[in-house]
Amino acid sequence: MLQIKTTVQLNAEFFNALINDATLQTLIGDRVRWLSTPTISDTFPLMTYAKFDNAGQYAFGINLSAENVTFETRHYVDPQDGDASGKMSDKIMDALKVALNAINYRQINAPAVFLEANINKAVSIVRWERVNAD
Amino acid sequence: MLLGVNQLNRNIQRALKVVSRDEKEALKEVGERGVGIFKGNTTVVSGRLRNSWGYTTNSKVVATQARREDTVRTNREKDSVVIGTNVVYAPSVEYKSKTGSAGFALRSYRQLVPIAKEIFKRVMGGVTD
């Protein structure tokens, strides 16, 4: 019998995927936070995540599963961080894909990259939608 | 026997033509409805971003109010529709705004998906993700 997960379980599942992935752990360690703005005194790279509303609107006759969720991850890196094998930002992106595809999330935007001028770090914003098994 | 097979092939080809025509119409309808939803949710200061929304499918771009440089780039695929804008500051409104408009494109997408599914159900008798 298929059991629908609660919001708390979905949050925990997402967080655990970020924190337990072996590659991500070597890159960002345990610096995964819920909805926060990093300051210059933080250690980088660093990641924040947030959950979006389940639905955009209420509409009669349209059924939305409680598992219709979208998460957003933001990873902050030093723009110069990287070595011969690639930029840090790209490495984190690849590791994220592996970690989140494993729990059935798909990437729904191209990473939007901005420079945070006050802390001199580049932030990549990526959104992930849960793929529900029908 | 051979004649029968040829006839069957012709019938299948005819059916496929009808389906592909319907698919194109469905994609256009999704595009029109989508642009309406995106415009409705776009935050407005000058109106440049709201006017710029358009859709493109099958190498055609429909963006009636957009400036030339703000128009979405051409999508050459026959079986997909792209709704978008090319306004240079659109990503910062969507991702970085602190006035509550952040995520407006995602909200619009969420509103559009069930409608798009209904359109395809009506036109083609079913759809999968």
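1. A word on terms to begin with: helices (H or I, at least four residues) and strands (E, at least two) are DSSP runs, numbered from the N terminus. Read along the sequence, chain B then follows the pattern α-α-β-β-β-α-α, which comes to 4 helices and 3 strands.

2. Please keep in mind that this is a predicted model, in which local features need pLDDT of at least 70 and side-chain atom pairs count only at pLDDT 80 or more, while totals for chains, interfaces and linings use all residues. Residues are numbered from 1 along each chain as its sequence is written, and chains are lettered from A and ligands numbered from 1 in the order in which they are written.

3. On confidence, the model scores ipTM 0.74 and pTM 0.78. Chain B averages a pLDDT (the predictor's confidence in each residue, from 0 to 100) of 87, and 93% of the residues score at least 70. Within chain B, the lowest confidence is in helix α1 (residues 2-41), with a mean of 83, and the highest is in strand β1 (residues 54-57), at 96.

4. What are the overall dimensions of chain B? The C-alpha atoms fill a box of roughly 70 × 30 × 20 Å along the principal axes. The radius of gyration of chain B is 19 Å, whereas a compact globule of 129 residues would have one near 14 Å; the value is taken over C-alpha atoms, and the globule rule is 2.2 Å times the number of residues to the power 0.38.

5. Buried residues make up 30% of the 129 residues in chain B. Here a residue is buried if 20 or more other C-beta atoms lie within 10 Å of its own, exposed if 12 or fewer, and partly exposed in between, with C-beta atoms placed from the backbone. Two residues are in contact if their C-beta atoms, placed from the backbone, lie within 7 Å. Among contacts in chain B between residues at least 6 apart in sequence, 48% join residues at least 24 apart.

6. Now to the sheet of chain B, where two strands pair if DSSP finds at least two bridges between them. The sheet is open, with 3 strands in the order β2-β1-β3 and antiparallel pairing. β2 and β3 (82-84) of chain B are at the edges with a single partner strand each, so one side of each has no neighbour in the sheet. From one strand to the next, the twist averages 20°, based on axes that are lines fitted to C-alpha atoms (for helices over the stretch in contact), with angles from 0 to 180 degrees between N-to-C directions. The antiparallel strands β1(B) and β3(B) are joined by 3 bridges, and B:T56 has B:V82 in β3(B) as its bridge partner.

7. Neither is a glycine, yet B:N58 has a positive phi of about 55° and B:S59 one of about 65°. Are these residues buried or exposed? B:N58 is partly exposed because 16 other C-beta atoms lie within 10 Å, while B:S59, with 10 C-beta neighbours inside 10 Å, counts as exposed.

8. In chain A, strand β7 (residues 112-116) pairs with β8(A) in the antiparallel sense over 5 bridges. A:L115 has A:A122 in β8(A) as its bridge partner. The hairpin of these strands has 4 residues between them, and A:N120 there takes a positive phi near 50°.

9. A nonpolar core is a set of buried Ala, Val, Leu, Ile, Met, Phe, Trp, Tyr and Cys residues joined through C-beta atoms within 7 Å. The largest has 23 residues, and those touching the most other members are A:L18, A:L24, A:Y49, A:I92, A:L96, A:A99 and A:L100. Two or more residues come from each of α1 (7-20), α2, β2 (46-51), β3 (70-77), α3 (88-101) and β8 (121-130) of chain A, with α3(A) giving the most, 6 residues. A second, separate core has 18 residues, including B:A26, B:Y55, B:L112 and B:A116.

10. Finally, A:L27 lies in helix α2 (residues 22-28) of chain A and counts as partly exposed because it has 19 C-beta neighbours inside 10 Å. Leaving aside residues up to four places away in sequence, A:L27 touches A:P45, A:K91, A:I92 and A:A95. A:P45 is in the loop between β1 (32-34) and β2 of chain A, and a cis peptide bond with omega of about 0° joins A:F44 and A:P45.
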